[in-house]
Amino acid sequence: MTHPDAKKSWLQKLGPGLITGAADDDPSGIATYSQAGAQFGFNLLWTLFLTYPLMVGIQVVSAKIGRVSGHGLATNIRRHYPPWLLYAIVGLLLLANTINIAADVAAMGEALKLLAGGPAHLYALGFGLLSLLLQIFIPYDRYVRILKWLTLALLAYVATAFVVHTPWTEVFAKTVWPQLSWKPAYITTVVAVFGTTISPYLFFWQASQEVEEQQSRSGAKPLRDAPNQASANFRRIKIDTIIGMGFSNLVAYFIMLTTAVTLGLHGVTNIQSSAQAASALRPIAGEFAFWLFSAGIIGTGLLAVPVLAGSAAYAMAGAFHWKNSLELKPAAAKKFYGIIAVSTAVGVVLCFTPIDPIKALYWSAVINGVISVPIMVVMMLMAAHPKIMGQFVIDARLKILGWVCTGAMALAVLTMFWTLGK
């Protein structure tokens, strides 16, 4: 019998991996890449090539856990690990995601203010409400299609690099042979790039989206119970994740490149937000580049905020054994949708308080960095656990790649604390 996926185009087969990768380039991520390009020129472009295989490895691990077990990460942690570990991880994830939502909707509001004038706070409120309504009232199958189209917004950053003058020979040379530094500012920015590209909410989101995909397809079952479906699904997961993470890192590369050839070369080296990067770009790169950059902030924010709120809701629902699916109507999963609503609402409210969103984002990045390491360790243990994965425990190659990613992230976190202590 022909597998249902065989009749789909390659674009239709893309889903959890593509959306997860694109959501990684959220407005707060854009700010990090912009600062890296503005401050260090082409000398940090290499980091995106280093993080790419690591991202692919750890996201494939999270996707396989979800698709094989039929449960998200939090549910698997609840079933197989101590409660204190589960509650600590989920609580910190909820906190970090809510702060990240605040930073992202604030950046979207500022970006629209740059383009159209008017009150940034009210724009932020509107974006938060729009994101919330889309998640609550549009069924998963249709909602995923919307998110896929939103990934196209990121192409604005690829286009921007071709609008401005770019010395491609020097770019390629510095990408392969950068001028490295051991100065704290350089090391801190490398750590920030790692922390931005490898984020805990992405692990929870992709694992849960694999569960959603399985539940939304007629005849599909967790692979532990339907090993005959494994080959096609593992192939899809691999292609989806390779393309999704490749798209994510390619866009990040072009953001860093664009800000390097414009802001960095003109002495603008202190960028604290994505909207500030867009504003600084205007007098240097021209009106069209400014518009592309600003529109990209809004598009990727509309993609990222639902992923942040949704991953927090999946984590909470898994921890407390609540019904959870974007396919369910709100009345059938009140607590799940309640977390989406509360985290989005609190994020929007933070935009109206005296709290500095840049400092809040900084601490969000610190929290993400700290919790990513134990989550990755637990994920790697789960992926090799026969009680969870059955006959589909991960192979040696993926195990090595996953543990290298975990070790690299642990090293990044330790370096971050070392630089903070200096």
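Ring pairs join Phe49, Phe162, Trp168, Phe172, Tyr253 and Phe254 into a cluster, where rings of Phe, Tyr and Trp (its six-membered ring) pair if their centres lie within 6.5 Å. This is a predicted model, in which local features need pLDDT of at least 70 and side-chain atom pairs count only at pLDDT 80 or more, while totals for chains, interfaces and linings use all residues. Residues are numbered from 1 along each chain as its sequence is written, and side-chain values use heavy atoms, with hydrogens and water left out.

The structure holds 14 aromatic pairs. In one of them, the ring centres of phenylalanine 40 and tyrosine 186 lie 5.2 Å apart with their planes at 90°, so the pair is edge-to-face (planes under 30 degrees apart count as stacked, over 60 as edge-to-face and the rest as tilted). Phenylalanine 40 belongs to helix 3 (residues 27–40) and tyrosine 186 to helix 11 (residues 184–197), and the pair links distant parts of the chain, 146 residues apart; helices here are DSSP runs (H or I, at least four residues), numbered from the N terminus.

A search of the whole structure finds zero disulfides, a disulfide being a pair of cysteine sulfur atoms within 2.5 Å.

| Residue | Relative accessible area | Class |
|---|---|---|
| Phenylalanine 40 | 17% | buried |
| Tyrosine 186 | 3% | buried |
| Cysteine 351 | 10% | buried |
| Cysteine 405 | 0% | buried |

How values were computed
Buried means under 20% relative accessible area, exposed over 50%, partly exposed in between (1.4 Å probe, protein chains only). Helices (H or I, at least four residues) and strands (E, at least two) are DSSP runs, numbered from the N terminus.
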